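This report describes selected features of one protein chain. The structure is shown below, and the description follows by topic.

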Amino acid sequence: MKIRLIALALVATLAHAGLASAASAPQAGRDPNILIVLADDMGFNDIQPFGQTVIQTPTLNALAKEGMRFTNFHVHATCSPTRAQLLTGVDNHMAGMGSMGEYHTPEMDKYPGSYIGATNDRVKTFAEVLKDKGYATFVAGKWHLGRKPEYLPPAKGFEKSFVMLDGGGSHWDDLGLLGVSPRTQFVEDGKPAARDTGEFSSDLYTDKFLSYMKAAQAQGKPFLGYLAFQAVHDPLHAPPDYIAKYRGKFADGYDRHRQELFANMKRLGVIPASTKMGDPAPLFKPWAQLTPAERKEQERLMEIYAGMLDNLDANIGRVVAELKRTGAYDNTVIVFFSDNGPSAAYMGLYPGNSDGKWIAKEFDTSFDNLGAPKSFAGIGPGWAYASSAPFKLFKMIVTEGGTISPLIVKAPAMRQHGAINDSFLAVEDIFPTVLDLAHAERGATRNGVPLAPLKGTSFAPILAGAANTVRGADFERGEELFGNKAYRLGKWKISWLPKPYGEERWQLFDTDQDRGETRDLAAAHPELVASMARKYDQWARQNNVIDWDYGYLARSLFDYFDWRKGIPTQIVNKD
Ligand SMILES: [Ca+2]
């Protein structure tokens, strides 16, 4: 251990002097292994290198010290659209995931291939590209990119796979999230697989992942491994010893925790020191107004969340330890991020759950059972607001709080160990970056079908220390999900959100000066707003974006986290 520490210090010194370190140089002639680790519904500041003050993430701390942290990295506002862009580098609408598979309307059929709830035949995944180059390819964890055989991992370039097809479910068994879809579905190498071991999700997926990784290394091939954790998606589950570690650690409540995280983020430099934090939407009670029983319940929810995340970090640590044991670590690219912002949803309000019958029949929602099998709760908006601080709102919404993610990358040729980069990057950039690092070409067609244009830009030059940004000052980027939409022109961002989350008109924010989206500048710059709105419309037409019924959206999709419209606590949900 001591020798290792001295070696690391030496590497850091050499890197500081601008010299390539022998210890981190790739072996000559060998393409690097690629390890993509994805967390689910995890907030920007949930991990220590990005500001967390309570939850322990030693593996990610170490990766951040050896690699780089990216503090202006954007994903989509929910799971599958992010995953579609991650795997293909193409806009989610063009890639087939214009909406989530769970939300399909007849109007979507007017856009062939764009709303199929899976990736279509106009895109290639990075697994397909790298498999053709001789890489071993495998995935374990949450898939959420379609259920038909032609959409499953074996048809998308993954030679080995064990995946959950659903967007979420129990972390202990195959109980689902929705009364309308009560059991989750697992497949191994494309064939139905049982989920009856009782093993915790992150432990189970990591076991599978390690078995695939060892087999790939035994073949002597470089590998592309995609480890897509189900944690920390609701329901809140964690092994009991991990929960116990955090007992009493959140007694100060979500309001104070949010302020503490905000201050620490500034201290670490992962947000500009001038950042302002807006007031939360009126979706939850201030901590001071909670009854003792409500506080007890809220504390326990966050203790489980912390345990689930601590366990996730420990499982990443198992993969890192195996890479080090086999000597493969230095020649492995490691990428870690979250698929969207933290979730503020009340699980009792998910589709098919609100009458309480299915929950009462299938689950034990008692306080004492929280975190254990058959418990059924999420962190709710109070804690979600702390996880997304100082950004606006959370999962499902194209505000910064829904779409910002921490990103850590460690790459063999990297020189800026421990550096923080704040240039604008997005999830679609991972695909071209991975291809660059693996010296692979995407090609122009897939099975004779011309490929859709890439949305992403490789940031390999940043990793190599040759650039600080890969986009010009006036770059443009459109995004849309469930009818809430945004367009960026350099630092300017316009966004359109249904009430009460927006104004149901275009708002304008300066994302350089105002990461918290606290000051709407639309009235001061009407011509800029009009011009950017035209650019959005053009982008939407070019990318097969549906023109939604916004009233429908405001009435349905956005109600899950509004306690005023539903149940007052997460736990009591009776007939
Ligand atoms: Ca997610």
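## Terms and basis

Two residues are in contact if their C-beta atoms, placed from the backbone, lie within 7 Å. On that criterion, and leaving aside its neighbours within four places in sequence, L309 is in contact with M42, D46, I55, T57, A231 and V232.

The model is a predicted one, in which local features need pLDDT of at least 70, side-chain atom pairs count only at pLDDT 80 or more, and totals for chains, interfaces and linings use all residues. Residues are numbered from 1 along each chain as its sequence is written. Helices (H or I, at least four residues) and strands (E, at least two) are DSSP runs numbered from the N terminus. A residue is called buried if 20 or more other C-beta atoms lie within 10 Å of its own, exposed if 12 or fewer, and partly exposed in between, with C-beta atoms placed from the backbone.

## The nonpolar core

A nonpolar core is a set of buried Ala, Val, Leu, Ile, Met, Phe, Trp, Tyr and Cys residues joined through C-beta atoms within 7 Å. The largest such core has 149 residues, and those with the most contacts inside it are V37, F126, L227, Y305, M308, L309 and V335. Helix 9 gives the most to this core, with 10 residues. In soluble globular proteins, nonpolar side chains tend to be buried together.

Strand 1 (residues 33-39) is mostly covered, with 7 of its 7 residues buried. N33, L35, V37 and A39 point one way from the strand, while I34, I36 and L38 point the other way, and all are buried. In a regular strand the side chains alternate between the two faces of the sheet.

Two strands are said to pair if DSSP finds at least two bridges between them. Strand 1 runs parallel to strand 10 (residues 332-338), to which 7 bridges join it; here I36 stands opposite V335. The pairing of strand 1 with strand 9 (residues 223-228) is also in the parallel sense, over 5 bridges, and V37 has L227 of strand 9 as its bridge partner.

## The loop residue D40

D40 is found in the loop between strand 1 and helix 2. Because it has 26 C-beta neighbours inside 10 Å, D40 counts as buried. Not counting residues up to four places away in sequence, D40 touches C79, K142, F229, Q230, A231, V232, H233 and D339. The C-alpha atoms of D40 and G341 are separated by 8.6 Å, although these residues are 301 apart along the chain.

## Strand 2

All 7 of the 7 residues of strand 2 (residues 68-74) are buried, so this strand is largely enclosed by the rest of the structure. Strand 2 pairs with strand 11 (residues 404-410) in the antiparallel sense over 5 bridges, and F73 stands opposite S405 there.

With strand 12 (residues 420-421), strand 2 pairs in the parallel sense over 2 bridges; R69 has I420 as its bridge partner in strand 12. Strand 13 (residues 425-426) runs parallel to strand 2 and is joined to it by 2 bridges, with F73 opposite L425.

## Packing of helix 2 on helix 9

Axes are lines fitted to C-alpha atoms, for helices over the stretch in contact, and angles run from 0 to 180 degrees between N-to-C directions. Helix 2 (residues 58-66) packs on helix 9 (residues 292-325) at an angle of about 55°, with the axes 7 Å apart. This angle makes helix 2 oblique to helix 9; angles under 35 degrees count as roughly parallel, over 145 as roughly antiparallel, 65 to 115 as roughly perpendicular and the rest as oblique. P58, T59 and L60 of helix 2 make the contact with D313, I316, G317 and V320 of helix 9.

An open sheet is formed by 4 strands in the order 16-17-18-19, with antiparallel pairing. Its edge strands are strand 16 (476-481) and strand 19 (506-510), each of which pairs on one side only. From one strand to the next, the twist averages 15°.

Strand 16 is joined to strand 17 (residues 484-489) by 6 bridges and runs antiparallel to it. Within this pairing, E480 stands opposite K485 and R477 stands opposite R488. The two strands form a hairpin with 2 residues between them, and F482 in the turn has a positive phi of about 55°. Helix 15 (residues 526-542) lies across strand 16, strand 17, strand 18 (492-496) and strand 19, running at about 115° to strand 17.
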